[in-house]
Amino acid sequence: MLILFSNNRRPCMSISIGLLLFLKLLFLTPSGLSGMEPQEILAELKTNEWELSLLNDKTIYYFKNKGNFDNLINIVDDREVNWRIKIRGIRLIGEIRTQEAASNLVRMFNEKSFHNGCPSLKLYLASALGNYKTDKTALLALIDGLKDDELLAREESAKSLGRIGNPMA
């Protein structure tokens, strides 16, 4: 049992969901998280410790599982999910670095209804696409992003193209 102390030095039994998930991941075999529920993913994206628990090599490996990945995509695509949570999901998808992840990021980047009215979403999509150095569709989407109506999207597209370093850019 983990005992934490509150400000008045009495034991406090609270522990964040993020820490619990991190500890769960630490001791599970790769097949142990093959069916991560959408509610678990969404709850984790909402915590302040989401980067600690989700942006690490072991967790990213689990999101390469089709079921977990599809649940993440569904959360990011959900119009009811707050844009700040969507950005966290986009950053996570950017770290997965599979062909399917790149295809979904390109789709979101090009789909005006996905980011309409929220330039931050387009900015983070451009940033995430910069992780796909060998994906031609990501490269082409970023080149198109240089002509985007949104200044933030143009700037981040240019930065991401610089990170990719492809002479075609």
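1. Helices here are DSSP runs of H or I with at least four residues, and strands are runs of E with at least two. On that basis the protein, which is a predicted model, has 11 helices and two strands.

2. Two overall values describe the packing. Of the 169 residues, 40% count as buried. Among contacts between residues at least 6 apart in sequence, 62% join residues at least 24 apart.

3. Helix α2 (residues 38-46) packs on helix α5 (residues 66-77), with axes that come within 9 Å and cross at roughly 60°. Because angles from 65 to 115 degrees count as roughly perpendicular and those under 35 as roughly parallel, this pair is classed as oblique. The crossing of α2 and α5 is right-handed. On the α2 side the contact is made by Pro38, Ile41, Leu42 and Leu45, and on the α5 side by Asn68, Asn71, Leu72 and Ile75. By class, these residues are six nonpolar and two polar, with no charged residue. The spacing of such contact positions can be read against helix geometry: an α-helix has 3.6 residues a turn, so residues three or four places apart point the same way.

4. The axes of α6 and α9 also come within 9 Å, and they cross at roughly 10°. That makes α6 roughly parallel to α9. From α6, the residues Trp83, Lys86, Ile87, Ile90, Arg91 and Gly94 take part, and they meet Ser120, Leu121, Tyr124, Leu125 and Ala128 of α9. The contact of α6 with α9 comprises seven nonpolar, two polar and two charged residues.

5. The loop between α6 and α7 holds arginine 97. Arginine 97 is not a glycine, yet its phi is positive, at about 60°. Most residues other than glycine have a negative phi. Arginine 97 counts as partly exposed because its relative accessibility is 45%, between the 20% limit for buried and the 50% limit for exposed.

6. Helix α7 (residues 99-110) has 12 residues, and its first and last C-alpha atoms are 16 Å apart, close to the 16 Å expected at 1.5 Å a residue. Its buried residues are Ala101, Ala102, Asn104, Leu105, Val106, Met108 and Phe109. The elements covering them include α5, α6 (83-96), α8 (112-115), α9 (119-129), α10 (136-145) and α11 (151-164).

7. In α9 the buried residues are Leu121, Lys122, Leu123, Leu125, Ala126, Ala128 and Leu129. Their cover includes α6, α7, α8, α10 and α11. Of these buried residues, Leu121, Leu125 and Ala128 are also among the α9 residues that meet α6.

8. Helices α10 and α11 pack with their axes 8 Å apart, at an angle of about 140°. The pair is therefore oblique, as roughly antiparallel is kept for angles over 145 degrees. The crossing of α10 and α11 is left-handed. In α10, Leu139, Leu142, Ile143 and Gly145 meet Ala153, Arg154, Ser157, Ser160, Leu161 and Ile164 of α11. This contact divides into six nonpolar, three polar and one charged residue.

9. Alanine 141 is in helix α10 and counts as buried because its relative accessibility is 3%. Leaving out residues up to four places away in sequence, alanine 141 touches Val106, Phe109, Asn110 and Leu129. Among these, Val106 and Phe109 are buried residues of α7, and Leu129 is a buried residue of α9. Alanine 141 and phenylalanine 109 are 32 residues apart in sequence, while their C-alpha atoms are 7.5 Å apart in space.

10. Serine 160 lies in helix α11 and is buried, with a relative accessible area of 0%. Beyond four places in sequence, serine 160 touches Ala126, Ser127, Gly130 and Leu142. Ala126 is one of the buried residues of α9, and Leu142 is one of the α10 residues in the contact with α11.

Notes:
Residues are numbered from 1 along each chain as its sequence is written. This is a predicted model: local features need pLDDT of at least 70, side-chain atom pairs count only at pLDDT 80 or more; totals for chains, interfaces and linings use all residues. Side-chain values use heavy atoms; hydrogens and water are left out. Axes are lines fitted to C-alpha atoms, for helices over the stretch in contact, and angles run from 0 to 180 degrees between N-to-C directions. A crossing is left-handed if the near helix is turned anticlockwise from the far one by less than a right angle, and right-handed if clockwise. Contact means heavy atoms within 4.5 Å. Ala, Val, Leu, Ile, Met, Phe, Trp, Tyr, Cys and Pro count as nonpolar, Asp, Glu, Lys and Arg as charged, and the others, Gly among them, as polar. The expected span of a helix is 1.5 Å times one less than its number of residues. Buried means under 20% relative accessible area, exposed over 50%, partly exposed in between (1.4 Å probe, protein chains only).
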